[in-house]
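Welcome! Let us take a short walk through this structure together, one part at a time.

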Amino acid sequence: MTREEALFRAVLRMGDNNLVLGHRLSEWCGHGPVLEEDIAQTNIALDLIGQTRNLLTYAGELEGKGRSEDDLAYLRGEREYLNVQLVELPKADYAFTIARSFLYDAFHLPLQQALTESRDEHLKAIAGKAVKEVTYHLRHSSEWLIRFGDGTEESHRRAQEAVDELWRYTGELFVPDEAEELLAKDGTLPKLTDLKAEWSATVDRVLNEATLKRPADGWMAGGGKKGVHTEHLGPMLAEMQILQRTFPGVEW
Amino acid sequence: MRSVAEIEALLEEVKDPEIPVISIRDLGVLRGIELIGNSVEVTITPTYSGCPAMDMMRAGVEDALRKAGIRDFKVKQVLSPAWTTDWISAEGRRKLLEYGIAPPPHSADIRALKGKSPAVACPQCGSTDTELLSRFGSTACKALYQCKACKEPFDQFKCH
Ligand SMILES: [Zn+2]
């Protein structure tokens with residue numbers, strides 16, 4: 001794998017992670033448990049999709065085959081999506097949505113912080129904007145996880161179940177693929193083991209405050225980074241892509 | 001050929017579609033105007049990565065230039081340096097307040113950096129007895145507050 005191919009793959013993955021999670025959060029639009037949260041999730045989704053636009057546009061330039069952000073988002077099949085499985089799981093109840101966002105945000109923030117010092121100028125510029133946005137995301141998901149965990153018996157139970165259920169999807173975040181390994185060597189990307197340490201500290205701090213138990217590490221799911229997904233991504237993409245698939249090239 | 005100052009003046013009519021009292025210059029979105037030969041190059045930068053108003057602001061710049069008879073121009077969008085609310089001009093802050101939006105705290109305010117909100121004054125009655133209802137308001141760049149003195153809810157342009 002050349003450095004260019006690796007960079008294309010890594011940038012595409014970052015875009016896919018944000019796009020898929022952004023889409024899942026957008027599913028709360030009009031269905032939020034309270035109005036403020038409906039608006040909050042929609043805003044967070046918008047941030048993530050905005051970052052995706054920057055990333056996929058860059059990925060298209062790196063690939064050099066003339067694919068635009070829209071081509072990459074709407075015209076790739078499930079097996080060509082490189083996101084981790086964590087972000088594609090259905091939104092389920094609000095405790096699950098919050099717990100998933102928290103586990104991702106706690107990874108996403110140190111990633112963007114590290115990218116503000118990347119040797120790749122383009123990633124650096126994208127991260128310079130994203131880092132401020134993701135700071136708000138992590139604060140939001142942490143506060144809600146604490147509220148649920150340290151809330152009523154019912155909210156505590158649901159939050160703990162969500163964390164337990166999601167735990168096996170967190171391992172994949174920190175297992176580098178060939179591209180990520182290559183790019184960590186020259187300072188384009190941070191080392192995933194370094195991010196894991198920061199993630200772990202944030203998770204311990206917030207779970208502790210939320211009176212939730214950190215699950216033991218057991219079998220971890222994987223494959224998303226290679227394009228192998230759960231049964232949930234296909235239907236999500238079908239819904240997201242239906243317009244471009246039905247009317248190829250449509251614009252308005 | 002027009003001067004940079006003249007172009008700047010005519011771009012004053014390009015407003016943020018979500019806060020129509022404030023121009024893109026007041027907002028800090030307009031980063032530069034350059035004359036290169038006979039061509040005008042305008043540089044803009046987005047507020048948030050996903051700011052849906054960006055395309056409209058770009059179209060606004062293009063329209064304003066065309067209306068002034070300028071045909072040879074380029075509107076360039078840059079991400080770096082990243083936009084900050086510190087770039088909102090004093091005039092912009094005044095207009096926000098008049099419009100009923102509390103202006104953002106300065107990012108050098110240590111409380112803002114730590115996520116603790118400094119006292120936010122109600123744009124209606126000026127009371128600082130206000131409460132944060134949600135960090136996410138009607139648009140990505142605003143938080144939702146309520147004034148405990150006059151009971152009015154209001155938006156605050158959040159520190160970014
Ligand atoms: Zn008031």
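**A walk through chains B and A**

Begin in chain B, where strand β8 (residues 142-147) and strand β9 (residues 153-157) run antiparallel and are joined by five bridges. Keep in mind as you look that this is a predicted model. Within this pair, B:Lys142 stands opposite B:Phe157 of β9(B). Both strands belong to an open sheet of four strands in chain B, with the order β6-β9-β8-β7 and mixed pairing. At its edges lie β6 (101-102) and β7 (130-134) of chain B, each of which pairs on one side only.

Next comes the metal site. Which residues hold the zinc ion? Its protein donors are the SG atoms of B:Cys122, B:Cys125, B:Cys147 and B:Cys150, at 2.3 to 2.4 Å from the ion. Along the chain, these donors follow the spacing C-x2-C-x21-C-x2-C. The angles that the four donor atoms subtend around the zinc ion are 106 to 115°, and therefore the arrangement is tetrahedral. For comparison, the ideal angle for four tetrahedral donors is 109.5 degrees.

B:Cys125, at 42% relative accessibility, counts as partly exposed.

Elsewhere in chain B you will find a hairpin. Strand β3 (residues 30-36) and strand β4 (residues 39-44) of chain B run antiparallel, with six bridges between them. One of the pairings sets B:Leu35 against B:Val40 in β4(B). Two residues lie between the strands of this hairpin, and B:Gly37 takes a positive phi near 60° there.

Now turn to chain A and its helix α5 (residues 121-149). This helix has 29 residues and reaches 40 Å from its first C-alpha to its last, close to the 42 Å expected at 1.5 Å a residue. At the start of α5(A), a side-chain oxygen of A:Asp120 comes to within 3.0 Å of the backbone nitrogen of A:His122. Where does α5(A) kink? Follow the helix to A:Ala130, on which a kink of about 35° is centred.

Why is α5(A) described as largely enclosed by the rest of the structure? The reason is that 21 of its 29 residues are buried.

Technical notes:
Residues are numbered from 1 along each chain as its sequence is written. Chains are lettered from A and ligands numbered from 1 in the order in which they are written. This is a predicted model: local features need pLDDT of at least 70, side-chain atom pairs count only at pLDDT 80 or more; totals for chains, interfaces and linings use all residues. Side-chain values use heavy atoms; hydrogens and water are left out. The expected span of a helix is 1.5 Å times one less than its number of residues. The bend at a residue is the angle between axes fitted to the seven residues ending there and the seven starting there. Buried means under 20% relative accessible area, exposed over 50%, partly exposed in between (1.4 Å probe, protein chains only). A polar contact is a pair of N or O atoms within 3.5 Å; within protein, one must be able to donate a hydrogen and the other to accept it, and residues adjacent in sequence count only if both atoms are side-chain atoms. Donors are N, O and S atoms within 2.8 Å of the metal (3.2 Å for Na, K and Ca); water is not among the atoms, so sites may look incomplete. Four donors count as tetrahedral if all angles lie between 85 and 135 degrees; four count as square planar and six as octahedral if opposite donors are over 155 degrees apart and all others between 65 and 115; anything else is irregular. Two strands pair if DSSP finds at least two bridges between them.
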